[in-house]
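Dear colleague,

I am handing over the structure we spoke about, and would be glad if you could look through it alongside the notes below.

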Amino acid sequence: MAERPIALAMTGASGACYALRLLQVLLDAGRAVQLVVSAPARMVLAMEEDLKLPAGATGIRTALAAHLDDAAIRRLSVYAIEDWMAPIASGSNPPAAMVVCPCTSGTLAGIAAGHSRNLIERAADVALKERRPLILVPRETSVSVIHLENMLRVARAGAVILPANPGFYHRPASLSDVVDFVVARILDQLGIDHELLPRWGAQRDPAQDDD
Ligand SMILES: Cc1cc2nc3c(=O)[nH]c(=O)nc-3n(C[C@H](O)[C@H](O)[C@H](O)COP(=O)(O)O)c2cc1C
């Protein structure tokens with residue numbers, strides 16, 4: 001049986017680069033992706049990536065197709081943020097897992113409150129109630145007590161809070177190495193094999209074990 005798709009929601013926090021890289025890696029790994037992009041996310045994509053996505057699912061898919069190969073684009077479904085007929089809107093057809101990357105404080109609050117006022121909040125609500133993995137990648141600094149309480153609330157409901165918070169112990173040589181640090185952690189949570197970074201301890205010199 002084919003693996004169920006991964007739902008990827010992009011919201012309007014800084015760090016659109018994480019979402020674009022995650023989308024590319026998931027599609028290249030042969031996974032079907034169900035993508036939803038908020039209107040503020042389109043603004044951030046234009047500012048940070050010079051990627052101008054039109055409103056509407058068909059326009060977004062066409063614009064992304066210019067950056068993907070044919071096999072990858074066949075695996076990509078895009079849904080409008082008000083598309084209540086999308087598969088991810090119902091617990092009867094949930095994805096394997098959902099990632100909100102990057103995740104704004106606003107969408108975090110909407111999920112924590114169970115608002116389901118747009119497709120992203122609704123699909124996250126479905127993931128929680130169906131006990132499917134839900135990975136939120138917040139990008140904000142500093143964080144208020146409200147942000148912290150919302151993170152705690154969704155974590156207690158079963159979500160994984162995975163801040164866009166790269167480490168530097170892998171000695172990144174480029175910005176893409178920094179981005180890959182966060183994307184690798186997301187893939188680990190999804191249980192998807194990757195070789196974006198060396199694994200901790202994998203390059204240990206056995207001779208040093210005697211010290
Ligand atoms: C360039 C830009 C950067 C932003 N960065 C952040 C951010 O890092 N974190 C955040 O929570 N909101 C950020 N915002 C604010 C959100 O986009 C705004 O709160 C929006 O209403 C969120 O809507 P959404 O969750 O539906 O995408 C940013 C907005 C812009 C225009």
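What follows describes the sheet, the helices on it and the surroundings of the ligand.

Please keep in mind throughout that this is a predicted model. Its sheet is open and has six strands with parallel pairing, arranged in the order β3-β2-β1-β4-β5-β6. At its edges are β3, residues 76-79, and β6, residues 160-161, each of which pairs on one side only. Strand β5 (residues 134-138) is joined to β6 by two bridges, the two strands running parallel, and I135 has V160 as its bridge partner in β6.

Helix α1, residues 16-28, lies across β1 (6-10), β2 (33-37), β3 and β4 (97-103), and runs at about 160° to β1, while helix α5, residues 105-113, lies across β4 and β5 and runs at about 140° to β4.

A polar backbone atom of S14 is 3.1 Å from an oxygen atom of the ligand, and a polar backbone atom of R139 is 2.8 Å from a ligand nitrogen atom; from the side chain of E140, a polar atom lies 3.4 Å from a nitrogen atom of the ligand. On its own the ligand has 640 Å² of accessible area, and the protein covers 67% of this.

Terms used: Residues are numbered from 1 along each chain as its sequence is written. This is a predicted model: local features need pLDDT of at least 70, side-chain atom pairs count only at pLDDT 80 or more; totals for chains, interfaces and linings use all residues. Side-chain values use heavy atoms; hydrogens and water are left out. Two strands pair if DSSP finds at least two bridges between them. Helices (H or I, at least four residues) and strands (E, at least two) are DSSP runs, numbered from the N terminus. Contact means heavy atoms within 4.5 Å. Axes are lines fitted to C-alpha atoms, for helices over the stretch in contact, and angles run from 0 to 180 degrees between N-to-C directions. A polar contact is a pair of N or O atoms within 3.5 Å; within protein, one must be able to donate a hydrogen and the other to accept it, and residues adjacent in sequence count only if both atoms are side-chain atoms. Accessible areas come from the Shrake-Rupley method with a 1.4 Å probe; for residues, only the protein chains shown count as cover.
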